[in-house]
Amino acid sequence: MAQPYTTWFYDGRSAVRRHVVIDTAGGQFHLVESGHLHGPFAFSRLVYSGQQGDAHVYKHDEIDGWRMGLEGDIPVALESVLPSQNRYGSWVDRLGLGRAALVFGLLSAGAMAIILAAPQWLAPLVPTSAEKKLGDALVGDFGGRFCNTEAGQAALAKLSSGLDKDVSDLDIEVANIDMVNAVALPGGKIILFNGLLDNAESADEVAGVLAHEMGHVRKRHVMQSLIRQMGLSVLMGGFDGNIGGTLNGLLSMGYSRSAESEADRHAIQALQRADISPLATAGFFERLANMESMDSVESPQTGDSDQPETEKSSQTGSAASDTESFNEAETLLGYLSSHPLSKSRKTAFEKSHVKDREYTPALTQDEWDALREMCANDADVESGFGFDFGSGDSGNSR
Amino acid sequence: MREHFDKTTPPSPEDSAFEFSGNWGAFGKIALTNILLTIVTLGIYRFWATTRERKYLWSETRFIDDRLEWTGTGLELLIGFVLVILLFIIPLFIIQFVQQALLLQGQEGAAAALTFVMLGLIFYLGGLARYRALRYRLARTYWHGIRGGSDDQGFSYGWSYMWKTAIGYMILGLLIPWSMMSLWNERWGRMSFGQHQFSAIGDYADTFKRYLLFYLAPFIFFAGAVIIGIMTAAVDSPAMAGISIILLVLFFYLGLGLIAMTFYAKFYRVAIDGLSLHKLDFGFSAKTKDWFILLLGDAGIWLIAALAVALPAITIIGTSSLLGGFEMPQPGEDPGQLYLALLVPILVFAVIPFMLVGPFIRYRHWRFFITYMQCYGEIDLEELTQSDTSTSKHGEGLLDAFDIGAI
């Protein structure tokens, strides 16, 4: 080196700041402090530590606390042997901020697209037996709350077999819980809550709801949303809780909306095949919509089973939106709520009604009575929940 | 080489042992590039962002004659985060699933027991997290090439945290100042810098009067409410009733908050005044008024962020008929696919102002603490040697997971 370059130095053992001259010899250097020699140190062991005021500080990767601060203009010969300075982190520094942002942005968009799309083709790959086990582990005998009478079960069997070609892999139950709701759970489990039967005016209405839940099962929505939820949690894990949770919730909500529509389409087709009038279901949705537009805080269908996101369920119950009238802003909010507005769902069922067609009732009056009164007539069924499940809004949203 | 600070003469900012010399502009550049990289990496960059922020704040902080240096890395914060996911979040997920299954199957007792165990575990880990965050921060803070740390892993502190907090809440919460101060002293008493052990001997009794003020305020408030109620009934004027209701609500939300703040101001002064390291005594001079200004500024930052999101949002909704995109989706369509492309940019736009809130609040709080930190006594640089405490390879993952902020 042409002329001596003065710098400050901590040896990492004592807190004394030493003023030294760098004496370079090949890949190594000594630090000379008024006659006392520190070193030799290898340039290859140095790591850039950051800027401290005017000084660029280097540390030694093997000696704790070893620091060398270079102030002012660093001689070119010295700069060439020093490690490069880092700023954003080594990957970003290598690419440059703009290019790194672009590359990471594209990678993230790709990862997001895969995570969002993958459940659709991953869900069918999950063996039915595994899904069944998951469903059994979760529900078991539902704490003895499933209602069971011979006539009631016969009516339920008739209702379901009319709506699906092969119901042997489905597990449809009526639970003695007073909620206007129904859920599809992992493993082809469908639970109709007794409150739904109480509030339905005919078996045809229940048929529409049941067909909707069957749609969730047949389209593997439950497994899909389970996988999507897990994928999104991992993907968004980097954001801190609030932001990640919000993004996650909004993204999966968009998908739960489309799942609801898909299940509705399935239900409309099933009703058509079974020769059951869709107008009954439309009427049911209209009543839900009216309940919704009244005071949604106390409406019975909002108190659903409040599933954590892992055991995601899809319900027929209405959206827990606080909309009182419809204008554009509230339609926007309606989109963000977890279920399609009952009014628009109602229209779809209405449209599928064929004029002058002779529809047959889903059940005879006796069968319908047997189904409705199954819980009341079952002597040893448990009722309600030992715990208050809370009155959170619908389980799909959070 | 000796530095001497006299306690008798109140230090002017130039003479104070601590000084912060950062500026908004330089920090803003760091914060903005951090947000950009955090968004494009779906949040993973956040750990490196934290590191860059701290490197800046530390390097702009002078203690006596040299700046502080932050040497933590983004990678070790990421490792800490992953550890928490593996050891804590995933088991928690499974426990929740089991608990839900037990509940659905009518095993309420077992579900309740499981909940109890789970809450106990979270409680313990909360204490452990506070301890380890402080240890991590000291181990990564260098001054004159010397760092701090602790050889105590903090597992026993986790137990202390549980029983002391529990005792604090017993006897109608009257012992809360004791538990807070005792835990502060225990935490700091196990830390060291260089070869010296910290000593923390803050006395909770000094904060107790302020605490009683906070503690008794609701009772005084209740008595006041009764008196105002009687007066209002006597006067029988709706306007008077309205005003008194507003006053009561204001007292409850603002008054109680302010009284709590007077306690915290006192608590930090007493706690830090009780802190010393070898021949150095620390002090903290922020009064309630200073804390009030600090928090008022924080609220202002939130307000600005909210306005920055709300004003454009209102404009967009107002003209949404022009967009025409938000019609009611019909079951025949696939709304998820349709709006996702539109939804993501809107979300990103709405999130950015709020993402800026955190960095600027952290900047203000750091500046606040450094500005009011004091130090007296003397330090012998010849005699101060490197810490031999072990350092962990992972950052404050637990603290991050619990979203706990410590100084």
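Tutor: A cavity here is a set of points, on a 1 Å grid over the protein atoms alone, where a 1.4 Å probe fits but cannot get out, and lining residues have an atom within 4 Å of a point. Strand 1 of chain A, with strand 4 (66-67) and strand 6 (141-143) of chain B, are the elements giving two or more residues to this lining; strands are DSSP runs of E, at least two residues, numbered from the N terminus. The model is predicted: local features need pLDDT of at least 70 and side-chain atom pairs pLDDT 80 or more, while totals for chains, interfaces and linings use all residues. Residues are numbered from 1 along each chain as written, chains are lettered from A and ligands numbered from 1 in written order, and side-chain values use heavy atoms, without hydrogens and water.

The volume of the largest cavity is about 80 Å³, taken as the space filled by probe spheres set on grid points joined across faces, edges and corners. Its lining comprises five nonpolar, three polar and four charged residues, where Ala, Val, Leu, Ile, Met, Phe, Trp, Tyr, Cys and Pro count as nonpolar, Asp, Glu, Lys and Arg as charged, and the others as polar.

Of the lining residues, Trp143(B) has contacts (heavy atoms within 4.5 Å) beyond four places in sequence with residues including Asp66(B), Arg67(B), Phe193(B) and Leu384(B). Leu384(B) also lines the second largest cavity, which has a volume of about 50 Å³.

Methods: On a 1 Å grid over the protein atoms alone, a cavity is a set of points where a 1.4 Å probe fits but cannot get out, and a pocket is an open set with protein on both sides within 12 Å along at least five of seven lines; lining residues have an atom within 4 Å of a point. Helices (H or I, at least four residues) and strands (E, at least two) are DSSP runs, numbered from the N terminus.
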